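Trainee: I would like to go through the salt bridges here and hear the reasons behind the labels.
Mentor: Then let us look first.

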Amino acid sequence: MHKEKEGHLSESTREEDIVILSLSTQGGMLGSRAQRPLSMPLYKLKVWIEDSKFALRTDAAIVIQRNWRGYKARVYFAHYFWTRYYEKCINHYEKMATKIQKVWKGYYSRKYILNFYKRKDQLKLIIEKNSYYLTHITEFVKKKSDIEKEILMNYKKEVQKTQAYKKHHLISTAVIPGVYNSPFGQNHEAENFLKSLCFTGKKPRKKPPDITHEGYEQLVSEKSAGLQKPQGPFLNPEQVMRKRYKPLNPNLQTETDVDHLVKAWNKFKTELSQKHYGNL
């Protein structure tokens, strides 16, 4: 029995030594943890083996994570780099396109739309038209100002006349000198203005027009057209117009002048003298 136990322990120690050697030969993954003193108890040896296995797995996981994160970072960096590169290329091409469009549009507008020489001729025509209209406007304003001045002067004259008609009793007469009559021999302007006015108030009579027989009939027909006879003992409108616009038919006494005999005798004497003595 005692010999069987010793054989079993020797076999287990051999297996442990084989595991330790296998762990120690896997590079520097375990480091100093793969080395142990030879006088380690069995329970400590098992703990050390488990720790070594866990450390080995941890290091393997770290290596895997490092490689995976490096791969993801390189992919992200490549994607970011190429997107930024494409954006810069597109921005550069857009700037070049805008520059080309700017130059072309400027050339086209200067050549066809806003031609300098056409614009110069157009401005010259505008200046000529402006000068023409300005001259006419100045003339119109001058004429208008002259008309307004004339209207104002006439208004002032009318006002002065109305005031003078109200002061007609202040004019000088042959017996009593007026208020504006100067004792020094020089009459006042108001005195001269009052003397120049006519205070009788009589208007010159208009000479009736000479109406022929045809004109008389036409005038009567025009005046009586559209008129109706009023109710009562009145004449027709045509008869009224005939009496109103009847031309004068004077007799011989009213037609001849009062001094017609004297005028005829003077005419006869002038003809007789010219006949005998000529134009002396």
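**Salt bridges and their labels**

Mentor: Helix α6 holds both Glu238 and Arg242, 4 residues apart, about one turn of the helix. A helix here is a DSSP run of H or I with at least four residues, numbered from the N terminus. This is a predicted model, where local features need pLDDT of at least 70 and side-chain atom pairs count only at pLDDT 80 or more, while totals for chains, interfaces and linings use all residues. Residues are numbered from 1 along each chain as its sequence is written, and side-chain values use heavy atoms, with hydrogens and water left out.

Trainee: Why is the contact of Glu238 and Arg242 called a salt bridge?

Mentor: A salt bridge needs a side-chain nitrogen of Lys or Arg within 4 Å of a carboxyl oxygen of Asp or Glu. Glu238 and Arg242 are at 3.5 Å, N to O, so the pair meets the definition.

Trainee: What makes Glu217, Glu238 and Arg242 one network?

Mentor: Their salt bridges share partners. Glu217 also meets Arg242, at 2.9 Å, N to O. That pair links distant parts of the chain, with Glu217 in helix α5 (residues 213-224) and Arg242 in helix α6 (residues 237-244), 25 residues apart.

Trainee: Why is Glu238 called partly exposed?

Mentor: Buried means under 20% relative accessible area and exposed over 50%, with partly exposed in between (1.4 Å probe, protein chains only). Glu238 has 41%, so it counts as partly exposed. Arg242, at 29%, is partly exposed too.

Note on methods
Helices (H or I, at least four residues) and strands (E, at least two) are DSSP runs, numbered from the N terminus.
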